[in-house]
Amino acid sequence: VVVDDAAQDITEVVRGVDLLSNTPRQIALQSALGLPTPDYLHLPLATDRTGQKLGKSTAATPVNSLNAVGTLWNVLQFLRQNPPDELQHATLNTLWQWAIEHWQPDVLKNIRQLEYVA
């Protein structure tokens with residue numbers, strides 16, 4: 001993975017907190033091989049009420065691709081980014097632009113999981 005990341009000029013890695021324990025090993029390998037170390041961000045896991053991780057491997061319900069704006073707005077809410085209510089009816093491009101400009105990863109620090117309630 002570290003060789004592939006370097007070959008592809010990966011500068012940022014965003015993944016679930018369940019992969020946090022792999023990061024020190026990857027950084028050690030990057031250092032030993034003289035490869036650049038990307039910036040890492042580990043997002044909290046989305047879980048159901050029982051604490052089970054939501055994802056393909058657990059056959060979780062997929063996100064609604066027919067309502068991209070609503071889905072993205074809900075994801076931003078879920079990730080505690082607090083998009084303004086009026087953006088629920090904005091264009092997808094407008095919502096993405098807001099998300100990029102207002103992204104606050106610090107609000108996610110030390111949160112290991114967030115329960116998703118559909």
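This is a predicted model: local features need pLDDT of at least 70, side-chain atom pairs count only at pLDDT 80 or more; totals for chains, interfaces and linings use all residues.
Two strands pair in the parallel sense: β1, residues 12–16, and β2, residues 39–43. Five bridges join β1 and β2. Helix α2 itself covers residues 22–33.

Strand β2 also contains L43. Is L43 buried or exposed? Its relative accessibility is 19%, so L43 counts as buried; the cut-off for burial is under 20%. The C-alpha atom of L43 lies 8.4 Å from that of L79. Along the chain, L43 and L79 are 36 residues apart.

Helix α4 spans residues 92–102 and has L95, W98 and A99 as buried residues. Viewed down the axis of α4, the buried residues fall within an arc of 100°, and therefore they line one face of the helix. The other side of α4 carries exposed residues: N93, I100 and E101. Helix α4 thus presents buried residues on one face and exposed residues on the other side.

Charged contacts come next. How many salt bridges does a search of the whole structure find? The search finds one. The side chains of K53 and D18 form a salt bridge, with an N to O distance of 2.9 Å. This pair links distant parts of the chain, as K53 and D18 are 35 residues apart. K53 sits in the loop between β3 (45–47) and α3 (68–78). D18 sits in the loop between β1 and α2. K53 is partly exposed, because its relative accessibility is 34%. D18 is also at 34% relative accessibility, so D18 counts as partly exposed. The category lies between the cut-offs of 20% and 50%.

The surface also carries a nonpolar patch. Which residues make this nonpolar surface patch? V3, L29 and L33 make the patch, and its area is about 280 Å².

Most residues other than glycine have a negative phi. A59 has a positive phi, near 55°. A59 is placed in the loop between β3 and α3. With a relative accessible area of 69%, A59 is exposed; the cut-off for exposure is over 50%. R80 is not a glycine either, and its phi is positive at about 60°. R80 lies in the loop between α3 and α4. Its relative accessibility of 42% means that R80 counts as partly exposed.

Methods
Residues are numbered from 1 along each chain as its sequence is written. Side-chain values use heavy atoms; hydrogens and water are left out. Patches are made of residues with over 30% relative accessible area and no salt bridge: like charges are joined within 9 Å, nonpolar side chains (Val, Leu, Ile, Met, Phe, Trp, Tyr) within 5 Å. Accessible areas come from the Shrake-Rupley method with a 1.4 Å probe; for residues, only the protein chains shown count as cover. A salt bridge is a side-chain nitrogen of Lys or Arg within 4 Å of a carboxyl oxygen of Asp or Glu. Helices (H or I, at least four residues) and strands (E, at least two) are DSSP runs, numbered from the N terminus. Two strands pair if DSSP finds at least two bridges between them. Buried means under 20% relative accessible area, exposed over 50%, partly exposed in between (1.4 Å probe, protein chains only). The arc is that of the directions from the helix axis to the C-beta atoms.
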